[in-house]
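Please look over the sequence and the structure before reading on.

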Amino acid sequence: MPVVVGPSMENFREMAEQFDRRDAWRRASDAGALGEIWKGWLDDPAAARAQGTRAALLVEENRGALERTLAMLGTLAEAGTYR
């Protein structure tokens, strides 16, 4: 499934940059742009599928962030550098 987001992605800058670089989503600046994006996908389902596939692959590549973060925090806590 293709993904479209709004213009404000400040809380997710790193992931947003990855999605932008990989053309894994589209950004809509307003409701009109959102409509145009969806019209484009309806007119070209193969392009919509390809974009959705790129998004799914990117998400899959980034799975496990919570586990990695917890492991890092555990290591820091054991070393006494994180309180």
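## The model

This is a predicted model, in which local features need pLDDT of at least 70, side-chain atom pairs count only at pLDDT 80 or more, and totals for chains, interfaces and linings use all residues. Residues are numbered from 1 along each chain as its sequence is written, and side-chain values use heavy atoms, with hydrogens and water left out.

Helices (H or I, at least four residues) are DSSP runs, numbered from the N terminus.

## Helices H1 and H3

Helix H1 covers residues 13-21 and helix H3 covers residues 45-61; their axes are 10 Å apart and the angle between them is about 140 degrees. Axes are lines fitted to C-alpha atoms, for helices over the stretch in contact, and angles run from 0 to 180 degrees between N-to-C directions. H1 and H3 are therefore oblique to each other. Angles under 35 degrees count as roughly parallel, over 145 as roughly antiparallel, 65 to 115 as roughly perpendicular, and the rest as oblique.

Met15, Gln18 and Phe19 of H1 form the contact with Ala55, Leu58 and Val59 of H3; contact means heavy atoms within 4.5 Å. Of these residues, 5 are nonpolar, 1 is polar and none is charged. Here Ala, Val, Leu, Ile, Met, Phe, Trp, Tyr, Cys and Pro count as nonpolar, Asp, Glu, Lys and Arg as charged, and the others, Gly among them, as polar.

## Helices H2 and H3

Helix H2 (residues 31-43) crosses H3 at roughly 110 degrees, and their axes come within 5 Å. H2 and H3 are therefore roughly perpendicular to each other. On the H2 side the contact is made by Trp41, Leu42 and Asp43, and on the H3 side by Pro45, Ala48 and Gln51. These residues divide into 4 nonpolar, 1 polar and 1 charged.

## Glutamine 51

Glutamine 51, in helix H3, has a relative accessible area of 4% and is therefore buried (under 20%; exposed is over 50%, partly exposed in between, with a 1.4 Å probe and protein chains only). Apart from neighbours within four places in sequence, glutamine 51 is in contact with Asp23, Ala24, Trp25, Arg26 and Trp41.

## Nonpolar cores

A nonpolar core is a set of buried Ala, Val, Leu, Ile, Met, Phe, Trp, Tyr and Cys residues joined through side-chain atoms within 4.5 Å. The largest has 8 residues: Val5, Met9, Ala16, Phe19, Ala24, Trp25, Ala55 and Leu58. H1 and H3 are the elements that give two or more residues to this core. A second, separate core has 5 residues, including Ala28, Ala33, Trp41 and Ala48.
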